[in-house]
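Student: I have a model open and would like to learn how to read its packing. Could you take me through it?

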Amino acid sequence: MHDHRQKAAPDVASAPEAPAPAGTSYTCPMHPEIRVPRPGPCPICGMALEPETVAVDGGPNPELADMSRRLWLALALTAPVFILDMTGHIPGLMAPVGHRLTPLIEFVLATPVVLWAGAPFFQRGWASIVSRRLNMFTLVAMGVGVSWTYSVVALAAPGLFPPALRTMGGGVPVYFEPAAVITSLVLLGQVLELRARESTSGALKALLGLAPNSARRLRADGSDEDVAIGTIVVGDRLRVRPGEKVPVDGVLLEGRATLDESLVTGESMPVTRQAGESVVGGSLNATGSFVMRADKVGADTLLSRIVQMVAQAQRSRAPIQRMADQVSGWLVPAVIAAAVAAGLVWGIVGPQPRLAYALVAAVSVLIIACPCALGLATPMSIMVGVGRGAGLGVLVRDAEALERFKAVDTLVVDKTGTLTEGRPAVTAIVPFGDIAEAELLRLAASLERGSEHPLATALLWAAKDRGLALTDAADFDSPVGRGVLGTVDGRAVVLGGAPLMGERGVDLAPLEAAAAPLRAEGTTVIFAAIDGALAGLFGIADPIKPAAAAVVADLKREGVRLVMLTGDNRATALAVAGRLGIDAVEADVRPDRKAEVVKRLRAEGRVVAMAGDGVNDAPALAAADVGVAMGTGSDVAIESAGITLLGGDLAGLVRARRLSRAVMGNIRQNLAFAFVYNLAGVPVAAGVLYPVFHLLLSPALAAAAMALSSVSVIGNALRLRTVRL
């Protein structure tokens, strides 16, 4: 691929620059390889360049403002030209100012429209010829330029034309009206396109708007100060009060809060955060004041990374676009050749006045076949679709991943953290004897306060969720791999498996019937003994995510084969797979072997997506056709994936697949319409209907049809904003 970074033609006029951060680079939505330091038209296709980075307060689009000014002046001057011309064509109704004066008035009114309002089209058309990259502006400039130049010569020197072209008064028909109308309609199409492109960044600006402008920072003496968000550095302690937004990513140090993260992660349910847990910048603090430590600021926050990734994805190119690019590459030269051929045929064998008919046919072909609809077909759908996904917590890295996800027939899912919560939790408490369930949990959690084992953490979380008051344990001991024991409130407490209980002389027979079904489900069973007697048991497992079963069922209905991948033992893996309805299980897989499983499935001819959340999943994510990272996971997993589900929402897998199908269907609709439009429009404009129906498409109608084709493609792409996922 050629490097186009320095090819922005210096003679191409650019719109006034909008305020933008220093070093901002501008790129083309249809040709992302273009990188220039200032706004203006793309040197390849002529479309308006846009900044790579989206700013929530970036001000109005300068290109849109400039084109809007030109459009309003064009409409104001074109309306009387159109009325004058139409009046002269109505039988029995004379033009109000006379046939001789009408062409002169049309010249005075149409010339500013063509030469000032339409100046960008001529500048971009000329630049396309100089760079030998013919595009839609080449055709527009040729069509409008030929119409206006012919009319000026006809008005100034009618004697140069053959008598057959002259009217009863000796004048020659002029085409100022089509030139002005074409210019106005193309300007209208440009304004509508720019507005549509502006609206596609609405999701990004909404995300950027989530971040507050200021934060409350704690000084060394404990007092508060309000500071600008840009002055916060890693390590700062910040206070967030109820109703305020979390300023940056960090860790909660003091207090407890319920946060609404829906606009950041797409997760609708509020989440509770306690000391030691992470908080996301941009989420809303619904209840409780807390103090947090800033860990990620500026461009490193999740919010900023989301905006950056979505903006890059909106500018990326789907493989299907290559076909449109190839067609556009030969379409413009073919259209010019067709216009010349149509003009020659009409000039040689057409009815009198042949030259006038030849001009009308050639200009109509040039205008109606502008490939703007073809060029917009893919980028508009990608921009709207990626923005729509971002609003639903489905973050797409590039258009290729979006296109490939539709074709996925095998989904490899990591168990821990993807299908399950990723941390052990108490799933069953069975007391024995006279002790109450809450008291059994309180004594066990009090003993486990001295342990750092994951199973101990599960008991502590269960006690905290119930609001139990814990006490300190004495004589704490932790026999390696067998359990813990100690004294709590003067009572001897032992927690562990059957071997430890056997050593302590505790009879487990009364609870074996309760333990057996738990073990069959892959749950870890811990027995509790108090003062030497059996007191109950705890079932601890990594809970399956609530939405997992429904998601698996939805994917299976769509014909996706699911493979569960885990490093756990096969018994536990089969238990989880059975509860979810997953048929294929790859158990006892070491982290470094996960990528090999993915490669093996691809070697079988399958299109494989891999969903995971940990650092050890990154190689497998990269090896898959499409990697899907659960947004609650590690940064390296997110960086290795083509699609990220923010908040770890499993239902996002179904939404991502439906989004992929909707976007690709939308693109195919757009391309089909654009192809059919051009294939049908050129012959009609060339005059194939004239011999039978005596109908010849005027240049003005051709311009209206061309503008309508672009508007139709844009409108169809914008439907993605409301599609149900």
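Tutor: Start with burial: buried means under 20% relative accessible area, exposed over 50%, and partly exposed in between, using a 1.4 Å probe and protein chains only. As for ground rules, this is a predicted model, where local features need pLDDT of at least 70, side-chain atom pairs count only at pLDDT 80 or more, and totals for chains, interfaces and linings use all residues. Residues are numbered from 1 along each chain as its sequence is written, and side-chain values use heavy atoms, with hydrogens and water left out.

Student: Is I232 buried or exposed?

Tutor: I232 has a relative accessible area of 4%, so the residue is buried. You'll find I232 in the loop between β4 (224-228) and β5 (237-240); strands here are DSSP runs of E, at least two residues, and helices are runs of H or I, at least four, numbered from the N terminus.

Student: What is I232 in contact with, beyond its neighbours within four places in sequence?

Tutor: Contact means heavy atoms within 4.5 Å. By that rule, I232 touches A215, R217, V227, L238, P247, V248, A294 and V297. Take A294: 62 residues away in sequence, yet 7.8 Å from I232, C-alpha to C-alpha.

Student: How do I read a nonpolar core?

Tutor: In soluble globular proteins, nonpolar side chains tend to be buried together. A nonpolar core is a set of buried Ala, Val, Leu, Ile, Met, Phe, Trp, Tyr and Cys residues joined through side-chain atoms within 4.5 Å. The largest one here has 114 residues, and L411, I643 and L653 touch the most other members. Helix α23 (residues 651-686) gives the largest share, 13 residues. A separate core holds 23 residues, including L440 and L495.

Student: And helix packing?

Tutor: Two packed helices are described by the angle between their axes and the distance between the axes. Axes are lines fitted to C-alpha atoms, for helices over the stretch in contact, with angles from 0 to 180 degrees between N-to-C directions. Helix α12 (residues 399-407) and α23 have axes that come within 8 Å and cross at roughly 105 degrees. Among the residues making the contact are F405 of α12 and L653 of α23.
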